[in-house]
Amino acid sequence: MAAPKISVYSLSELKNTTDDALPNYLTSLKFQQSHLLADVRLALGYSAVLIAGATFYADYKLGWDATKYWTFWAVVAYFILNGALTYWVWGVEKGKIFTGEIGDTLISIASSVKKHKPIYNLQVQYGKKGEESQTLKISAPFTRWFDSEGYFVATPFQQWLATEIPAVGEADPKKVDRGSGTGERKAIDGQQVQGNADSSKMAGNGGARSRNSKKST
């Protein structure tokens, strides 16, 4: 099945397509993905919707006088759940697109982009269970894995991940780029993402990374 074509002018489409590709690649390498973050988010969201729906149905069937007491508490519960959902998304998930493990190594990956800058940023936290974890920040332009027509090219993206993230490189050593380059491909050179990106930033195929460490919790 051919990869879907997206608009190279939309940062959100570039990011979302890349975000979807990352867990697919890691799970193909036998990384075990944890769905806890998504499950909690869905549970909070659906619970709020169910409360709203049940309140509406009860009011429709029984009338306001018979349900006003329960409606008050339903509204309170609805706002509590929505507050918890907001905190979960912004305070706990924090842009995480993958959490999981392979062997005795835990890994968590969060992605981000800055407004009008077509650069994909990843913050990776990994380490052995019960040991000090490493935090790695890497970035690369979307031109490394999108061609000028908006098609996602998996191989250079996988090579970038395997080269920059040790745990991925260990799982897929054949994809580690040892200086041979990313190969020929069409670039998005000279085009602007969302009409405001600096075209000079679209031309490079390099990346950047930084690393620090902290103890696992």
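View 1. Helix H2 (36-62), helix H3 (64-93) and strand S2 (96-102) each supply at least two residues of the lining of the second largest pocket. Helices (H or I, at least four residues) and strands (E, at least two) are DSSP runs, numbered from the N terminus. The model is predicted: local features need pLDDT of at least 70, side-chain atom pairs count only at pLDDT 80 or more, and totals for chains, interfaces and linings use all residues. Residues are numbered from 1 along each chain as its sequence is written, and side-chain values use heavy atoms, with hydrogens and water left out. The volume of the second largest pocket is about 390 Å³. Its lining has 16 residues, and Arg41, Glu93, Gly95, Lys96 and Ile97 are the closest to the centre. A pocket is an open set of points on a 1 Å grid over the protein atoms alone, where a 1.4 Å probe fits, with protein on both sides within 12 Å along at least five of seven lines; lining residues have an atom within 4 Å of a point. Points are joined across faces, edges and corners, and the volume is the space filled by probe spheres set on them. By class, the lining has seven nonpolar, five polar and four charged residues (nonpolar: Ala, Val, Leu, Ile, Met, Phe, Trp, Tyr, Cys and Pro; charged: Asp, Glu, Lys and Arg; polar: the others, Gly among them).

**View 2. Aromatic pairs.** The whole structure holds 16 aromatic pairs (ring centres of Phe, Tyr and Trp, its six-membered ring, within 6.5 Å; planes under 30 degrees apart are stacked, over 60 edge-to-face, the rest tilted). Tyr69 and Trp70 pair edge-to-face, at 5.1 Å centre to centre and 80° between the planes. Both Tyr69 and Trp70 are exposed (exposed is over 50% relative accessible area, buried under 20%, partly exposed in between; 1.4 Å probe, protein chains only). Phe72 and Trp73 also form an edge-to-face pair, with 5.1 Å between centres and 80° between planes. Trp73 is partly exposed, at 45% relative accessible area.

View 3. Ring pairs link Tyr120, Phe142, Trp145, Phe146, Phe152, Phe157 and Trp160 into a cluster. Phe157 and Trp160 are among the buried residues of H4. Eight of the eleven residues of H4 (residues 154-164) are buried, so the helix is largely enclosed by the rest of the structure.

**View 4. Asp147 in its loop.** Asp147 sits in the loop between strand S5 (132-141) and H4. Asp147 counts as buried, at 14% relative accessibility. A polar atom of its side chain lies 2.9 Å from the backbone nitrogen of Glu149. The backbone nitrogen of Tyr151 also lies 2.9 Å from a polar atom of the Asp147 side chain.

Key: A polar contact is a pair of N or O atoms within 3.5 Å; within protein, one must be able to donate a hydrogen and the other to accept it, and residues adjacent in sequence count only if both atoms are side-chain atoms.
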